[in-house]
Amino acid sequence: MSTYISAENLGHSFHDHWLFKNLTIGINRGRRVALVGINGAGKSTLLKLLSGLFSPTEGKVVRSRDLRVGYLDQDPGFKNSLTISDYIFHEDNIQQQLIKKYEELLENDADNAKALEKVMEELSEVDAWEYEYKIKTILGRLDIHHLNQDISSLSGGQKKRLALARLLIEDPDIYILDEPTNHLDIDTIEWLEKSLTEGNKTILMVTHDRYFLDNVCNEIIEIDRGKIFTYNGNYGYYLEKKAEREATDETQFHKNTQLLKKELEWMRRQPQARGTKSQSRINSFYELEEKTKNAGPKEKVELSIKTARQGNKIMELHHVAKSFKGINLINDFSYTFKKGDRIGLAGKNGSGKSTLLNLITGNLQADSGQVDKGETTVMGYFHQSGITFKEDERVIDIVKNVAEYITMADGKMISASQLLTLFLFPPKKQHGFVANLSGGEKKRLQLMRILMKNPNFLILDEPTNDLDIDTLNVLEDFLTGYNGILMIVSHDRYLLDKMADQLFIMEGKGSVRIFNGNYSSYRIEQEEAKQAAKQKPAPAIALSEKVQKNKLSFKEQKELDELEANISFIEDQLKRANAELNTSDISAEHLNDVISSITKLNQDLDEKSLRWLELSELKNT
C-alpha cells in the first residue's frame, strides 16, 4: 500500500510551548483516518503541517510526487477570488470554464437561446455534461446557488460550505479536513458521509461528530500527551482498544462501572435500529465509549453549578409567528414548557431554529402571539455568536466580572480561580490573555460564564463546535444530571440522541412539528414513510393537465437535452464497470467498489430514464 504522506520526528512549538515532539506518522492511500485528541493537543496544527501550509519546528514531512492535496480549514481564506464563480471554477480548466459560462447564462440571460445552444454544443464536444451534473449536485446540496455573489457578503458558515464544495469538485488525491461538519445541517452531513465513503478516497480529518467519525473512518490516530497511538478500525474499535490500553488503572476502571450501567440503561430504551448498524453494535458503541470517559490519570472538567429554583410557570408560547423579508419562519406555534423538558431542535439551515430560540429568550419580538416567561425562570443562552471576549482580556478577569465567588451544586462557595481550575484552566492560563486560548477553550470559558448565573432554563445553540470529544463526554455527563429545562440546537446526531427525548422539527414555511422521541426515532419514522410512499401507485394525470402542458418550456427542453447526454454517459460507464467485473485478476477490495458503483449507476440511470420518458411524452403530446 503506497504512502501518500509521511512525517518523521515531527515537533512543533508556539510561543516556546511544545505541542508535540518526535511524532512519526504515515497516511496510506485508500485509508480514511480520523485524528483525535483533547483541545490544545495540536490536531489542527498537525493537519496544516501535513498539508504543507507551513514547516515544522523539528523533523520533516514527505509527500509523494505530484500529490494533489485538498485542505479544508476551519476558517478558510479565498485569496484573490471575488465571487463564488471565481473561486469554484479554475481558469486553466476548459470544462469548468464552459460550465461557468453555461451557469452564468442560465442565471443572468436565460432568454439568450443562441448563446446557450452554442455553449451546450461545446459542453457535449468535451464530454462535460456528467461533470456539470456533479458540480451542480455538490453546489445544490451545500446550498450554494448564486454564482455571481460576492464572497465578502457570505457568512462564516456559507464560506465554510463554499470551501468544502470546491474541495469535493476538485476531488484531490487526499482530503485533509478540519471539522468538515461545522455549519452543515444533519441532512447535508449524511449526504457528505456517503460522498466521502464512495470510491477509494484517502482522507485525514479532525471531527468531534462521533456518528460521522464512526461511519466514515477506518483508522484513528490519537494524540495523547504528545504521543501518537494508531487504531486500525472505526470509532467503536478505537474505544475498545483505548479502553484496554487505559484499563491498567484498576481503581479508575471500577469507577466507570456505574457509568457503564447508566449508559446501557439509556441505550436499551432507544429504537431497535439505526441505519444499517445492528442493535448489538450500537450497544457496544456506547458501552465502550463510556469505558473511556474517565479512564487514566488525566484531568477532567467538572461541571456542577447550582441551578436556580424553578416555579410552576416556566415559559408559555401562545400562537407565536415570525417572518423575515416575506419568509414565514414560525407560524402559529404554541407550547407550554414543563419541568423536565429536554428538547432538541432539528431542521435545515435557515429553517428558523435560531429565530425560535431568540423569540424564547426575548432577543426577538414576535410579529404576533405571545411569549410569557415565568417569574422564577433564569435563562442561560449559549449561542454560536456568543463569544465576545476581548483578545487582550485576562481569563481570570472575565470570570470575576460575573462573580468573585460561585455557589456549587453542593452549596459550597468557591473562588473564581478555583472554578477556572475545575474547568481545566490552570493558574498560568488564568492569568494569560484570551488571545492565547484555542477555539475550544474559548467555548469552554463561555459555557462556564453562562453556568455561573445558575440558569434553570438552558439553551445550547451548536455547543459542540470546536470542542474535543473528551470535553463533549463531560458536557454530556453534566447535561444528563442537569435538572432544569434543556433546549439544544445541534448538527451532532449523537448529542441529540442522548440529550433530547422530544424534538421541535422545523419543517419549513413556518411549520413547527412536535415529535416525541429522539433524533434516531425521527429518522426511522422518516425512512418508513419514504418506503411506504414508494409502494403507492403514482396518481394519474388528469387529461386537462396534459392538454395544458403539451409543450416543453425552454428550461424543460434544455433538461431533456442534458438527460440524453447524461444517460449516454451512464450507459458507457456501466459497460466499462461490467467489463471490469468480469476480469479474473480483480482484487476483493476493488470488487466491492465496482459492485457499489454499478448499483449507484443503475439507480441513477433509472431516475434519469424515467424523467426523460416523462419529458419526451410531454414534447410529443
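Predicted model: local features only at pLDDT ≥ 70, side-chain atom pairs only at ≥ 80, totals over all residues.
Colleague: Let's start with H6. How many residues does it have, and how far does it reach?
Modeller: Helix H6 covers residues 156–170, so to speak, with 15 residues and 22 Å from its first C-alpha to its last. That is close to the 21 Å expected at 1.5 Å a residue.

Colleague: And which residues of H6 are buried?
Modeller: Among them are Gly 157, Lys 160, Arg 161, Leu 164 and Leu 168.

Colleague: What happens just after H6?
Modeller: Asp 171 takes a positive phi there, about 45°.

Colleague: How do H5 and H6 pack?
Modeller: Helix H5 (residues 129–141) packs with H6 at an angle of about 155°, and their axes are 9 Å apart. The two are therefore roughly antiparallel to each other, and their crossing is right-handed.

Colleague: Which residues in H5 meet H6?
Modeller: Tyr 131, Lys 134, Ile 135, Ile 138 and Leu 139 in H5 meet Ala 165, Leu 168 and Ile 169 in H6. Leu 168 is also one of the buried residues of H6.

Colleague: Switching to the sheet: what's the strand order?
Modeller: Six strands run E14-E17-E18-E12-E19-E20 in an open sheet with mixed pairing. E14 (379–382) and E20 (511–516) are at the edges with a single partner strand each, so one side of each has no neighbour in the sheet. On average, neighbouring strands are turned by 15° against each other, direction ignored.

Colleague: How do E12 and E18 run, parallel or antiparallel?
Modeller: Parallel, with four bridges joining E12 (residues 342–346) to E18 (residues 485–489). Ile 343 has Met 487 in E18 as its bridge partner.

Colleague: Which strands does H19 lie across?
Modeller: Helix H19 (residues 519–535) lies across E12, E19 and E20, at about 110° to E20.

Methods
Residues numbered from 1 in each chain as written. Heavy atoms only, no water. Expected span 1.5 Å × (residues − 1). Buried < 20%, exposed > 50% of the residue type's maximum accessible area, 1.4 Å probe, protein only. Pairing = 2+ DSSP bridges. Axes fitted to C-alpha atoms, helices over the stretch in contact; angles between N-to-C directions. Contact = heavy atoms within 4.5 Å. Parallel < 35°, antiparallel > 145°, perpendicular 65-115°, else oblique. Left-handed = near helix turned anticlockwise from the far one by under 90°.
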